[in-house]
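Here is a short briefing to read alongside the model.

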Amino acid sequence: MKMAVQGSDSFSDYVIFMRAMRTALSTMSKEDKVFEMYSIGPFRVNDMALEFSNKSEDGFRGRGKRNSCHKRPASWLRENMSEMDYFAFFKKPGEKFSPMVALADSLGVEAQVYEFK
């Protein structure tokens, strides 16, 4: 499974991030042996993605799967969004949506927006 994550500059809630990871992993098929996450920022989201990847490594390994996390620029995701299975965007209410949400929708990639106060 390939997942991309992005957040607004103000996003900082790790609990919401973890909820998104739980939701994304529930869509992972039993046949998937690899969970790849691509984070396009900003730095707080990159840090959360790396922390999740590191903390969950043993759990994946125990299930015969592996995971990885990669930081990429937004331009990379624009070119590779069609390869993603899931896209999560994090923001506060009232903030604008990322153009990546519309791109994911147009390509048939499951996209979720997570808001927090």
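In this predicted model, helix α1 covers residues 14-26, and its 13 residues should span 18 Å at 1.5 Å a residue.

- The buried residues of α1 are Ile-16, Phe-17, Ala-20, Met-21 and Ala-24. They sit on the same side of α1 because they cover an arc of only 145 degrees around the axis.
- Residues three or four places apart in an α-helix point the same way, because there are 3.6 residues a turn.
- Val-15, Arg-22 and Ser-26 are exposed on the other side of α1.
- What covers the buried residues of α1? The cover includes strands β1, β2, β4 and β5, along with helix α2.
- At the start of α1, Asp-13 brings a side-chain oxygen to within 3.0 Å of the backbone nitrogen of Val-15.

**Salt bridges**

- How many salt bridges does a search of the whole structure find? It finds five.
- Lys-2 pairs with Glu-83, with 3.5 Å between the closest N and O atoms. This pair links distant parts of the chain, since Lys-2 lies in strand β1 and Glu-83 in the loop between α3 and β4, 81 residues apart.
- Both partners are partly exposed: Lys-2 has a relative accessible area of 24%, and Glu-83 has 44%.
- Lys-91 and Glu-115 meet in a salt bridge at 2.9 Å, N to O. Here too the pair links distant parts of the chain, with Lys-91 in strand β4 and Glu-115 in strand β5, 24 residues apart.
- Is Lys-91 buried or exposed? With a relative accessible area of 2%, Lys-91 is buried, whereas Glu-115 is partly exposed at 42%.

- Asn-67 lies in strand β3 and counts as buried because its relative accessibility is 13%, under the 20% cut-off.
- The side chain of Asn-67 has a polar atom 2.9 Å from the backbone oxygen of Ser-53, and makes a 3.2 Å polar contact with the side chain of Ser-56.
- Among the other residues that Asn-67 touches are Phe-35, Glu-57 and Phe-60.
- Asn-46, in helix α2, is also buried, at 13% relative accessibility. Its contacts include Ser-39, Ile-40, Gly-41 and Lys-71.

Note on methods: Residues are numbered from 1 along each chain as its sequence is written. This is a predicted model: local features need pLDDT of at least 70, side-chain atom pairs count only at pLDDT 80 or more; totals for chains, interfaces and linings use all residues. Side-chain values use heavy atoms; hydrogens and water are left out. Helices (H or I, at least four residues) and strands (E, at least two) are DSSP runs, numbered from the N terminus. Buried means under 20% relative accessible area, exposed over 50%, partly exposed in between (1.4 Å probe, protein chains only). Contact means heavy atoms within 4.5 Å. A polar contact is a pair of N or O atoms within 3.5 Å; within protein, one must be able to donate a hydrogen and the other to accept it, and residues adjacent in sequence count only if both atoms are side-chain atoms. The expected span of a helix is 1.5 Å times one less than its number of residues. The arc is that of the directions from the helix axis to the C-beta atoms. A salt bridge is a side-chain nitrogen of Lys or Arg within 4 Å of a carboxyl oxygen of Asp or Glu.
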